Amino acid sequence: MATILDDISRTFDEFLLISGLTSEEHIPTNVSLRVPITKFSAGTESRLQLNTPFVSAAMQAVSGPDLAIALARRGGAAFIYCSQSIEEQARMVRRVKEHKAGFVVSDSNLTPDATLQDAVHLRRRTGHSTIAVTENGSNGSKLVGMLTSKDFWEFKDDLTRPVREFYTPREKLVLAQEGVSLQEATEILWKNKKECLPIIDKSGNLRFLVFRRDYFDHKSNPDELTDSEKRLFVGAALNTHDYMERSEALVEAGADVLCIDSSDGYSEWQCKAIRSVKKEFGDRVVVGGGNVVAADGFRYLVEEAGADFVKIGIGGGSICITREQKGIGRGQASAVLDVASARDEYLKEKGIYVPICSDGGLNNDTHIIMALAMGADFVMMGKYFAMTEESPTPKMTYKGRLYKPYWGEGSSRARNWERYKQSERPELVFEEGVDAYVPYSGPLEDKVNTTVAKLKATMCNCGVLSVKEFHEKAVLCRVSEMTLIEGGTSNVEQLDRIYTERD
């Protein structure tokens, strides 16, 4: 007969943290959220770490280059999705790496013969008021001049006239040569009281733009996550089919970390993929595995495949219906607790710490806090980031409220049938994800700042100053149905509800 585990599949909602002694040192400014993202020997430090324990899911509706840039600037990392061509995925990775810290690749360019109307259209499309004028209208060609919103009046000037009559010519611009440091570029901007500094190569071709506003933006992001060359940190996903060709292109593009994207990672296909990529690239790149929901899956990916970190979770995502369709999965809290225990046992046996990532089942900030308290080193989120301004989907209005499209990689819309081995046919026989919409939540920075504030405050309440301490000292208790009611707003009328009823 089947094996029945003497265990209940539990979720994060079924637990509460017990506060610990908060001393005078336990204030948010003293809390460190720095966590490892690759395995390391006991007594040493992981060679790669996140400054904020958040990563974004490798999904079409989530992890594009804009979100990857925004998340790296807040100390986390995005995993660029692999359900696209190798060339396009590598291009996205390259765009993040080329963004650098303060050095912007211009995506608003025109030729001298373009009209002011072209400039207006470009400004409306990109939202950028500074336009580089180059010989052929691309970022890599010879810089001719710069056109800004101060150079013409949209509703006064004749928009059919060419921009050559309005832009500031190159000989009147303050320029810098490629190779200049960000600090040097900032000094040039400050001394010349300029808003934008074009960076050109020896042939006069435009390479980057440095903006005054980015200096202040950079200073306001002290947790920015970069590589050894001060380029923004970014991850990318692999499948178990074209993983060798794909990993080669991604590593060449500059990906810092790779992860096999699979709804169920306890498989020989994944073991073979991780082994092959690790053999080819060694320590040049981190390779994670998953997803698993139990100790044996963790052990397999670590001992047999050699995974650098392991992701946890099957069927817990808001747009994932694997549990409904196949009856496979486990409550995310139970899965994290089991795998965290296996991680700690492995550390005692082998002297090697393997980071684990909780992926799915995170419906609010409290769930994120619970996942980290239960042993996760970092969390991977889809819906959380799909709601933000920087996710790759367009905003839409429904009944006066803004939404963004959000679909699972197991949905027909994703056309990602290589991820699911359902039959010999090259298509999905049944869906394991849904196509939906999520409320728009605004800029990623604001959302992450709020979550980080809650996380740090909770850690102070528990008397800890690091995620490692959180793992060691967190005390949790299970809750009853009445506890959930007691902790809510059951005995008062909320103002927004009263106003809604009146309307």
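This is a predicted model: local features need pLDDT of at least 70, side-chain atom pairs count only at pLDDT 80 or more; totals for chains, interfaces and linings use all residues.

Trainee: At what angle do H8 and H10 pack, and how far apart are their axes?

Mentor: Helix H8 covers residues 295-305 and helix H10 covers residues 332-350; the angle is about 45 degrees and the axes are 8 Å apart. That makes H8 oblique to H10.

Trainee: Which residues in H8 and H10 meet?

Mentor: On the H8 side you have Ala295, Phe298, Arg299, Val302 and Glu303. H10 brings Asp338, Val339, Ala342, Arg343, Glu345, Tyr346, Glu349 and Lys350. Sorted by type, the residues of that contact come out as six nonpolar, no polar and seven charged.

Trainee: And how do H11 and H13 cross?

Mentor: Helix H11 (residues 365-373) and helix H13 (residues 444-461) cross at roughly 50 degrees, and their axes come within 10 Å. That makes H11 oblique to H13. The crossing is right-handed.

Trainee: What makes the contact there?

Mentor: From H11 it's Asp365, Ile368, Ile369 and Leu372, and from H13 it's Thr450, Thr451, Lys454, Leu455 and Thr458. The residues of this contact split into four nonpolar, three polar and two charged.

Trainee: OK, switching to charges. How many salt bridges does the count come to?

Mentor: The count is 27 salt bridges. One of them pairs the side chains of aspartate 66 and arginine 95, at 2.5 Å from N to O. Aspartate 66 sits in helix H1 (residues 65-73) and arginine 95 in helix H2 (residues 86-99), so this pair ties together parts that are 29 residues apart in sequence.

Trainee: Are aspartate 66 and arginine 95 buried, exposed or partly exposed?

Mentor: Aspartate 66 has 40% relative accessibility, so it counts as partly exposed. Arginine 95 is also partly exposed, with a relative accessible area of 34%.

Trainee: What does lysine 311 pair with?

Mentor: Lysine 311 meets aspartate 359 in a salt bridge, 3.0 Å from N to O. That one links distant parts of the chain: lysine 311 is in strand E17 (residues 309-312) and aspartate 359 in strand E19 (residues 356-359), 48 residues apart.

Trainee: And lysine 311 and aspartate 359, buried or exposed?

Mentor: Both of them are buried.

Trainee: What about lysine 468, which residue is its partner?

Mentor: Lysine 468 forms a salt bridge with glutamate 472, and their closest N and O atoms are 2.7 Å apart. These two are four residues apart in helix H14 (residues 467-473), so about one helical turn separates them. Lysine 468 counts as exposed at 57% relative accessibility, and glutamate 472 counts as exposed at 53%. Elsewhere, salt bridges that share partners join Lys97, Asp227, Arg231 and Asp256 into one network.

Trainee: Let me zoom out. How many helices and strands are there in the protein?

Mentor: There are 16 helices and 24 strands. Of the 503 residues, 51% are buried. And if you take the contacts with a separation of 6 or more, residues 24 or more positions apart account for 64% of them.

Trainee: Now H6: which of its residues are buried?

Mentor: Helix H6 runs over residues 243-253, and its buried residues are Tyr243, Arg246, Ser247, Ala249, Leu250, Val251 and Ala253.

Trainee: What covers the buried residues of H6?

Mentor: The cover includes H2, strand E14 (235-238), strand E15 (257-260) and helix H7 (268-281). Have a look at the end of the helix too: just after H6, glycine 254 takes a positive phi of about 115 degrees.

Trainee: Last topic, arginine 401. Where does it lie?

Mentor: Arginine 401 lies in strand E22, residues 401-407. Its relative accessible area is 47%, so arginine 401 is partly exposed.

Trainee: What is arginine 401 in contact with, leaving aside its neighbours within four places in sequence?

Mentor: Met396 and Pro439, once those neighbours are left aside. Check tyrosine 440 as well: arginine 401 and tyrosine 440 are 39 residues apart in sequence, with their C-alpha atoms 8.2 Å apart in space.

Terms used. Residues are numbered from 1 along each chain as its sequence is written. Side-chain values use heavy atoms; hydrogens and water are left out. Axes are lines fitted to C-alpha atoms, for helices over the stretch in contact, and angles run from 0 to 180 degrees between N-to-C directions. Angles under 35 degrees count as roughly parallel, over 145 as roughly antiparallel, 65 to 115 as roughly perpendicular and the rest as oblique. Contact means heavy atoms within 4.5 Å. Ala, Val, Leu, Ile, Met, Phe, Trp, Tyr, Cys and Pro count as nonpolar, Asp, Glu, Lys and Arg as charged, and the others, Gly among them, as polar. A salt bridge is a side-chain nitrogen of Lys or Arg within 4 Å of a carboxyl oxygen of Asp or Glu. Buried means under 20% relative accessible area, exposed over 50%, partly exposed in between (1.4 Å probe, protein chains only). A crossing is left-handed if the near helix is turned anticlockwise from the far one by less than a right angle, and right-handed if clockwise.
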